[in-house]
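Here is a short report on packing and charge pairs in one protein model. Please keep the sequence and the structure open while reading.

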Amino acid sequence: MSADVRDILDIERANTPEITRDSFLATKKRNFERTKHASRRPEGMHREVFALLYTDKKDAPPLLPTDTALGIGAGYKQNKARLGMKKVRKWEWAPFSNPARNDAAVFHHWKRVSDDSTDYPFAKFNKQLEIPTYTMTEYNAHLRNNIQNWSKVQTDHLFDLARRFDLRFIVMADRWNRQQHGIKTVEELKERYYEVISLLAKAKNQSVEKKTFVYDVEHERRRKEQLEKLFKRTTQQVEEEQMLINEMKKIEARKKERERKTQDLQKLISQADQQNEHTANTPSTRKYEKKLHKKKVHHQPRPSKVDSVVNAIEIGSSGIKFADLRGSGVSLRSQKMKLPANIGQRKVKALEQAIQEFKVDPAPPPTEEICTSFNELRSDMVLLCELRTALSTCIYEMESLKHQYEAACPGKTLNIPPSLVPIKSETLEPNAN
């Protein structure tokens, strides 16, 4: 198109090659190959980090680290052996002895002639245990009358096997001479050996310097019996045990869910009690209660002394109900002395004052007997405080009725019998109301 315009305007053309179909396709192919081999930096990656991933030739990084470029023989690829005209080192079939052995046994192995004749390199791993020895006098004085069913010959044979096989009791039981010394189990061999060791240590006063091992043969026998029973279980028994474990987990999960719901309900109840107490302390509520009390006094019959006493007993018969921790999990015994969450703040303060009044330790040692006695004592203290409060309320009501009678009937008085007032109101604690 541009060439046609130049011809019309009589403008000289630039000396550029004519664009043909082949030249156009060749240019497109070169640009495609250039963009194909070019690697683009991902978004969010720094330029320095992207430069470390590729070389100048834009080659991909290797999967494994290599150092073949450091020189010949420095990489992971082993070079071919360069054989020259040097002489091969000679080897010989040389004898050697193990210094850990006492039987002067001679063995052979291949070694270089140029190597020095050093000790056997694996001899340092041959460490033998120190098996104590005893004399006939020590045996008669300390070992003869202590252990039954063991003779001097059997004990000597046991210690000889212990020295030969380094206390490998399974091998010792296999090598035990049953024809001469009878049948002995592995537990009996261990019991005899460790008891002799402890008796010799006590006789030589070595028990203080070195602690002796105490072998419990009955525990070992029970352990092996349990392992044998566990090994001989059938598939049905294993499935039944797994089913019982799953059921136990479900029961514990349901129990925790019930406890959580109970705690949430107790929190809601305590919050509602606090709101009711706060509402009852407002001036408008007090006026309403006074009016309501006056209406009840005029319209309702006067409560009798028996009703007051019964109400006091009903109020004070609650005490504290502590939680019974009988779960399958692990718990501290001191948790039994923790106060329940459903106890109000008034009871807690009254309980603290009673503990201080009677000089009781607020945190005694949590043994089983002390936990039970301490919980019963605190329950009785709460019951005592509630009975005191109920008694003071009864006395206050009797005094108020007396004043009302004297106001209604001038010149007359009402004498309260002393039997109805067991203690004076001044000796009581102040009413929480």
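Is Tyr-139 buried or exposed? Tyr-139 counts as buried, because its relative accessibility is 4%. Buried means under 20% relative accessible area, exposed means over 50%, and partly exposed lies in between (1.4 Å probe, protein chains only).

This is a predicted model: local features need pLDDT of at least 70, side-chain atom pairs count only at pLDDT 80 or more, and totals for chains, interfaces and linings use all residues. Residues are numbered from 1 along each chain as its sequence is written, and side-chain values use heavy atoms, leaving out hydrogens and water.

**Around Tyr-139**

Tyr-139 sits in helix 4, residues 136-143. Helices are DSSP runs (H or I, at least four residues), numbered from the N terminus. Leaving aside residues up to four places away in sequence, Tyr-139 touches Tyr-134, Arg-144, Trp-150, Ser-151, Lys-152, Thr-155 and Arg-192. Contact here means heavy atoms within 4.5 Å. Leu-199 is 60 residues from Tyr-139 in sequence, yet the C-alpha atoms are 9.9 Å apart.

**Nonpolar cores**

A nonpolar core is a set of buried Ala, Val, Leu, Ile, Met, Phe, Trp, Tyr and Cys residues joined through side-chain atoms within 4.5 Å. The largest one has 21 residues. Those with the most contacts inside it include Leu-143, Phe-159 and Leu-189. Helix 4, helix 5 (152-165), helix 6 (169-175) and helix 8 (186-203) each give two or more residues to this core. Helix 8 supplies the largest share, seven residues. Leu-189 touches Trp-150, Leu-158, Phe-169, Met-172, Ala-173, Trp-176 and Lys-184, again not counting residues up to four places away in sequence. A second, separate core has 10 residues, among them Ile-320, Val-348, Met-381 and Cys-385.

**Salt bridges**

The structure holds 14 salt bridges. Each is a side-chain nitrogen of Lys or Arg within 4 Å of a carboxyl oxygen of Asp or Glu. Some pairs are listed below.

| Asp-115 | Arg-112 | 3.9 Å |

Glu-187 counts as buried at 11% relative accessibility, whereas Lys-224 is partly exposed at 33%. Asp-115 is partly exposed at 35%, and Arg-112 is partly exposed at 25%. Glu-257, Arg-260 and Asp-264 are linked in a network of salt bridges.
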